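Subject: Structure handover

Hello,

The structure you asked about is below, followed by notes on what turned up in it.

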Amino acid sequence: MADRDKGPRKVTSFDVARVAGVSRAAVSRAFTPDASVSPKTREKVYQAAKELGYRVNYLARSLTNQRSDLVGVVAAGLDNPFRTLQIEHLAKVLIARNFRPILLPTSQEADTSTVIGQLLHYAVSGVIVTSDAPPTEICEQCAAEGVPIVLINKGNDIPFVDRIISDDRMAGHLAATHLIDSGVRKPAVMAAPAISYTARRRSEAFIARCKQLGVEAQFLQIRINDYRSGYDAAAELAASGIDGLFCANDHMACGVIDRVMQGRGRDDAPPLRIIGHDDIPQASWTAYDLTTIRQPCDVQAEKTVDLLMSRMAEPDLTARVEFTPVTLIKRRTA
């Protein structure tokens, strides 16, 4: 009766080895990516595991191996559809490469170093940061503990820390050229550069390109690169005389469009030309039909995990920076 009260006994790798007729070491190799094991043995182990309902305890394995198959993904601004898309692509690539992503949401105000410190307790194989760049000290700590860290769209140059950066200078160039070629004579860029490396680079490139084309561009500074900030800032656009606007991201651009289109028909064109950045799914919706700069999340994800895995293999590589291309997507707003 006492044994029955404890519930069913947990299936172990020893049970799988007994049913499959192999050693426990063979079971371990069968569930380890790239380990040396024959296809026949692997199939026998998988079949036995399926029959018994066995699942590998990856956290327990990490205690033995000093490193798990977990990769931490640190992200802020999850209300932005682009961030959701970015994380989705990262997760898919990590899983395809036999890693298991663990998401730690943070915020603009949170201490990213605390979040990464929590990840280190899980013996993660690596860390990917998509939120604001963490302090140099925590990146150096990751490197000292042999934990690779890759930053996406961050400006800090830190030893042994790799970065993937979208070509923001080209994005600003493309947006300015398209607006000026479309007849815009009073362009502006809207962004919150103080908290965003990418917004700052895009804004600088846009203003510089407008100047090259003989047009002076205005800079409209907002607090956060989000929908609400774009919506609120758009209230002043009508009186400004601005006839072309480049928004640092699509999330903000959607807020601008909703504000300037109040009282107009859904099929009307906005009273000024608007270009966003990222090409989030909502950009192609009929309500927005937003001209934008596409930032390829799939390419970024592949390159990010490539850098992560290569640093796992060679921890002492010098810090590397790789750029991903951008593309102008023309729609109704510009």
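To begin with helix α10, its buried residues are T198, A199, R201, R202, S203, A205, F206, R209 and C210. Buried here means under 20% relative accessible area, exposed means over 50%, and partly exposed is in between, with a 1.4 Å probe and protein chains only. Helices (H or I, at least four residues) and strands (E, at least two) are DSSP runs, numbered from the N terminus.

This is a predicted model, in which local features need pLDDT of at least 70 and side-chain atom pairs count only at pLDDT 80 or more, while totals for chains, interfaces and linings use all residues. Residues are numbered from 1 along each chain as its sequence is written, and side-chain values use heavy atoms, with hydrogens and water left out.

Overall

The protein has 14 helices and 12 strands. Of its 334 residues, 49% count as buried. Among contacts between residues at least 6 apart in sequence, 69% join residues at least 24 apart; contact means heavy atoms within 4.5 Å.

Helix α10 covers residues 197-212, and its 16 residues should span 22 Å at 1.5 Å a residue; the end C-alpha atoms are 23 Å apart, which agrees. The expected span is 1.5 Å times one less than the number of residues. Just after α10, G214 has a positive phi of about 80 degrees.

Just after α6, N98 takes a positive phi of about 70 degrees.

D278 lies in strand β9, residues 273-278. D278 is buried, with a relative accessible area of 4%. Despite that, D278 has no salt bridge, and the nearest side chain of opposite charge, R202, is 4.2 Å away. A salt bridge is a side-chain nitrogen of Lys or Arg within 4 Å of a carboxyl oxygen of Asp or Glu. For charge, Lys and Arg count as positive and Asp and Glu as negative; His and the chain ends are not counted.

The D278 side chain does make a polar contact with the side chain of H277, at 2.9 Å. A polar contact is a pair of N or O atoms within 3.5 Å; within protein, one must be able to donate a hydrogen and the other to accept it, and residues adjacent in sequence count only if both atoms are side-chain atoms. Leaving aside neighbours within four places in sequence, D278 is in contact with F82, R202, N249, D250, T292, I293, R294 and Q295.

Most residues other than glycine have a negative phi. D278 has a positive one, near 120 degrees. N153, also not a glycine, has a positive phi of about 60 degrees. N153 sits in the loop between β4 (149-152) and β5 (162-166), and is buried at 7% relative accessible area.

I280 is in the loop between β9 and β10 (291-294), buried at 2% relative accessible area. Not counting residues up to four places away in sequence, I280 touches N80, P81, F82, D250 and H251. The C-alpha atoms of I280 and N80 are separated by 9.0 Å, although the two are 200 residues apart along the chain.

Salt bridges

A search of the whole structure finds 14 salt bridges. One joins D279 and R294, with the closest N and O atoms 2.7 Å apart. D279 is in the loop between β9 and β10 and R294 in strand β10, so the pair ties together parts 15 residues apart in sequence. D279 is buried at 12%, whereas R294 is partly exposed at 38%.

R97 and E302 also meet in a salt bridge (2.7 Å, N to O). This pair links distant parts of the chain, with R97 in the loop between α6 and β2 (100-105) and E302 in helix α14 (residues 297-313), 205 residues apart. R97, E302 and D306 are linked in a network of salt bridges.

Cysteines

The count is 0 disulfides, a disulfide being a pair of cysteine sulfur atoms within 2.5 Å. For C247, the nearest cysteine sulfur is that of C254, 9.1 Å away.

Regards
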